[in-house]
Amino acid sequence: MDPQNYSLVSEFVLHGLCTSRHLQNFFFIFFFGIYVAIILGNLLILVTVISDPCLHSSPMYFLLGNLAFLDMWLASFATPKMIRDFLSDQKFISFGGCMAQIFFLHFTGGAEMVLLVSMAYDRYVAICKPLHYMTLMSWQTCIRLVLASWVVGFVHSVSQVAFTVNLPYCGPNEVDSFFCDLPLVIKLACMDTYVLGIIMISDSGLLSLSCFLLLLISYTVILLTIRQRAAGSTSKALSTCSAHIMVVTLFFGPCIFIYVRPFSRFSVDKLLSVFYTIFTPLLNPIIYTLRNEEMKAAMKKLQNRRVTFQ
């Protein structure tokens, strides 16, 4: 096809999660409540870590605060529009808005993957090399780990959007999801996207898979170390690691399943997208607060300080 004959697409149509009006009304209430819980829960973690000197100076909680910040962004790149679209029959998104969703998804998603690896490294040092913990996890090291997560996320996102935004979109503009998912968008281009699919595998797929393998190795070493110690002295470490493993599984599982096979699409992919974009940011505040005595104690102090101030 002659490039000059392209009728450029200025907007895309999102299919959303379902077509049933009754289900959409239910989903509006359901996901609105979840989104509010995500923002308030992660904001509570962030404020608690910042306001408590003991938590703020701890590498583990410093990284946790950054994770909470990323989770708020990860849940916000598409969820507010999805909630609004439940009340609309036509779910349109501009071309620029679509590219912005792709950018922020891969920016926050890539940064969170690297940050989860950093948190696993922190637990590895704390459990396997406790005598060297403050040396290996110094304040400078924590800053570098957080900066590395943001840099990797940004570079990864720019590399994804750079080739997507310049593709010729001339005809079909319907995306079978509740947000602009990269594998679905590039298939709408008026050209053979096989090579682009390979590039996506080598970028998104390899980033997800390599981070997951690093996490798997880290937690395997940690669990083996815990097993060799007395049960009473390792219950806290085991509880912390099990919480991390739960988050890692729920976040990386759907990502790997979707992005390592861009040439095929299953109906379950839409449900899996909900898991890593909405449910994981919701579970993080629950796992890291309700199962953490130090966080709960810091929240009580924050509440008492607020009552005293009033």
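## A walk through the helices

Let's start with a crossing: helix α3 passes helix α5 in a left-handed manner. Before going further, keep in mind that this is a predicted model.

**Stop 1: α3 and α5.** Select residues 59–76 for α3 and residues 95–128 for α5; the two pack at an angle of about 160 degrees, and their axes are 10 Å apart. Angles over 145 degrees count as roughly antiparallel, and α3 and α5 are therefore roughly antiparallel to each other. Now show the side chains where they meet. On the α3 side you will find, among others, Pro59, Met60, Leu63, Asn66, Asp71 and Trp73, and on the α5 side, residues including Leu105, Thr108, Glu112, Ser118, Asp122 and Arg123. Colour this contact by class and you will see 13 nonpolar, four polar and four charged residues.

**Stop 2: α1 and α3.** Which residues of α1 meet α3? They are Tyr35, Ile38, Ile39, Asn42, Leu43, Ile45, Leu46 and Val49, and their partners in α3 include Tyr61, Phe62, Gly65, Phe69, Asp71 and Met72. By class, the contact of α1 with α3 has 14 nonpolar residues, three polar and one charged.

**Stop 3: α5 and α9.** α5 passes α9 in a left-handed crossing. From α5, the contact draws on residues including His106, Met113, Val117, Arg123, Tyr124 and Cys128, while α9 supplies, among others, Ser204, Leu207, Cys211, Tyr219, Ile222 and Ile226. This contact divides into 16 nonpolar, six polar and one charged residue.

**Stop 4: a disulfide.** The structure holds two disulfides. Zoom in on Cys98 and Cys180, which are joined by one of them, with an S to S distance of 2.1 Å. The link of Cys98 and Cys180 is left-handed, with -125 degrees about the S-S bond. Cys98 sits in α5 and Cys180 in the loop between β3 (174–175) and α8 (182–186), so the pair ties together parts that are 82 residues apart in sequence.

**Stop 5: the annotated spans.** To finish, colour the residues that the unreviewed UniProt entry annotates as "transmembrane region": 26–49, 61–79, 99–121, 142–163, 206–226, 238–259 and 271–290. Residues 142–163 are 100% helix, and the C-alpha atoms at the ends lie 33 Å apart. Residues 206–226 are also 100% helix, with end C-alpha atoms 30 Å apart.

Note on methods:
Residues numbered from 1 in each chain as written. Predicted model: local features only at pLDDT ≥ 70, side-chain atom pairs only at ≥ 80, totals over all residues. Heavy atoms only, no water. UniProt positions renumbered as here; feature names shortened; annotations may be inferred. Helix = DSSP H or I, 4+ residues; strand = E, 2+ residues; numbered from the N terminus. Axes fitted to C-alpha atoms, helices over the stretch in contact; angles between N-to-C directions. Parallel < 35°, antiparallel > 145°, perpendicular 65-115°, else oblique. Left-handed = near helix turned anticlockwise from the far one by under 90°. Contact = heavy atoms within 4.5 Å. Nonpolar A, V, L, I, M, F, W, Y, C, P; charged D, E, K, R; others polar. Disulfide = S-S within 2.5 Å.
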